[in-house]
Amino acid sequence: MTPLRLTRTLLATALAAVLSTAAQAQNDKIKIGLMLPYTGTYAALGTAIENGFRLYLDENGGKLAGREVEFFKVDDESDPAKAPENANKLVKRDQVDVLVGTVHSGVAMGMAKVAKDTNTLLIVPNAGADAITGPLCAPNIFRTSFTNWQPAYAMGLVAAEKFKHKTAVTLTWKYAAGDESVRGFKEGFESKGGKVIKELSLPFPNVEFQALLTEIAALKPDAVYVFFAGGGAVKFVKDYAAAGLKDKIPLYGAGFLTDGTLEAQGEAANGLFTTLHYADDLPLIKDKAFRFAYAKTYKLQPDVYAVQGYDAAQLLAAGLKAAGGDIKKRDAVVQGMRTAKIDSPRGMFTMSKAHNPIQDIYLRKVDNKMNRSVSIAVKQLEDPARGCKM
Ligand code: BEZ
């Protein structure tokens with residue numbers, strides 16, 4: 001063979017290989033690593049996120065931007081100590097294209113570290129750890145939920161401005177989400193002249209509230225602000241009412257206190273005010289369709305966690321669409337996700353520069369087992385993303 005012919009043959013072979021790899025990239029399933037709690041106090045939250053994610057797929061013929069998907073699942077048990085190992089299993093053993101998780105802020109921070117170290121795409125469908133879209137922010141990390149600061153700051157403003165409270169006691173589980181939620185509430189409340197007179201806490205996921213309720217009764221604040229969610233929120237709201245405090249000292253919370261929990265809380269939750277980026281009666285066509293489809297598919301009412309899971313799938317689909325379905329075209333995927341306008345059941349939202357939703361925060365009131373929207377507490381609230389350099 002002449003040298004010219006040889007060169008041509010080599011070039012043709014190389015081109016064929018490139019084309020076949022590209023074609024394969026288009027045909028391979030998108031590998032999604034779901035790292036969520038399926039046991040423990042946050043188990044129902046993990047299931048709702050997965051349900052929401054799968055609902056979007058069902059509505060789109062089982063595909064994301066025309067691509068088939070394959071799931072790899074890990075129960076993270078809301079245990080931060082196991083987070084690096086669990087996330088690494090998905091990334092290194094299962095070679096997932098994208099990590100989706102999780103609920104607990106401490107676990108999510110472990111996931112964010114693995115995502116950064118391995119440059120894996122991560123979508124956080126709940127955990128509000130401020131740091132994830134703060135100092136830990138990165139081009140490959142996105143969130144479809146909230147920062148712990150967002151609903152808490154809004155509640156602080158409302159407690160001072162609308163309800164005219166002057167003093168408050170806070171109570172939370174002692175971990176990143178609770179600490180940041182209390183900090184956000186305090187920032188809003190004290191910026192409008194209120195004063196947090198005592199910050200109480202107990203370890204996650206303890207539910208021995210009795211001594212703390214006795215202390216609150218003795219302190220006699222104008223109001224109480226708490227961060228609890230899932231099974232712990234159910235128990236707290238019931239204990240607060242049973243201790244006779246509900247009619248004496250108004251109880252407020254980030255909306256997780258009453259989201260996905262109302263059936264179990266019953267009468268004890270009736271009348272509670274909370275703030276969140278979702279409510280059960282939003283006058284939106286998108287939300288009505290979502291709620292109908294979710295109830296039909298799962299025989300359950302959706303909650304904020306289901307919405308965030310649904311939107312995680314929508315966001316990934318937007319990124320994939322921008323990359324022509326090729327998850328390996330990372331820059332195009334990220335660009336598609338950064339600029340996406342997500343038609344969420346909560347209302348339209350866009351991403352901040354730090355990759356966190358800019359969204360309305362609703363003031364809600366529990367009425368007949370529904371979190372009804374009373375007003376928009378803060379319109380298009382953007383997390384300050386302190387410490388994010390991107
Ligand atoms: C968190 O850990 O960030 C969290 C958990 C449950 C509900 C909301 C936030």
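Q: In this predicted model, which residue of β6 is the bridge partner of I123?
A: Strand β5 covers residues 121–124 and pairs with β6 in the parallel sense, over three bridges. Within β6, the bridge partner of I123 is F142.

Q: Which strands stand at the edges of the sheet, each with a single partner strand?
A: The sheet is an open one of six strands with mixed pairing, and its order reads β2-β3-β1-β4-β5-β6. A strand with a single partner has one side left without a neighbour in the sheet, and so the edges are held by β2 (63–64) and β6 (141–143).

Q: Across which strands does α4 lie?
A: Helix α4 spans residues 105–118, and its direction makes an angle of about 160° with β5. The strands that α4 lies across are β1 (30–36), β4 (98–100), β5 and β6.

Q: How many residues of the contact of α3 with α4 are nonpolar?
A: On the α3 side the contact is made by A83, P84, A87, N88, V91 and K92, while α4 brings V107, G110, M111, V114 and T118. Of these residues, one is charged and three are polar, and the nonpolar ones number seven.

Technical notes. Residues numbered from 1 in each chain as written. Predicted model: local features only at pLDDT ≥ 70, side-chain atom pairs only at ≥ 80, totals over all residues. Heavy atoms only, no water. Axes fitted to C-alpha atoms, helices over the stretch in contact; angles between N-to-C directions. Helix = DSSP H or I, 4+ residues; strand = E, 2+ residues; numbered from the N terminus. Contact = heavy atoms within 4.5 Å. Nonpolar A, V, L, I, M, F, W, Y, C, P; charged D, E, K, R; others polar. Pairing = 2+ DSSP bridges.
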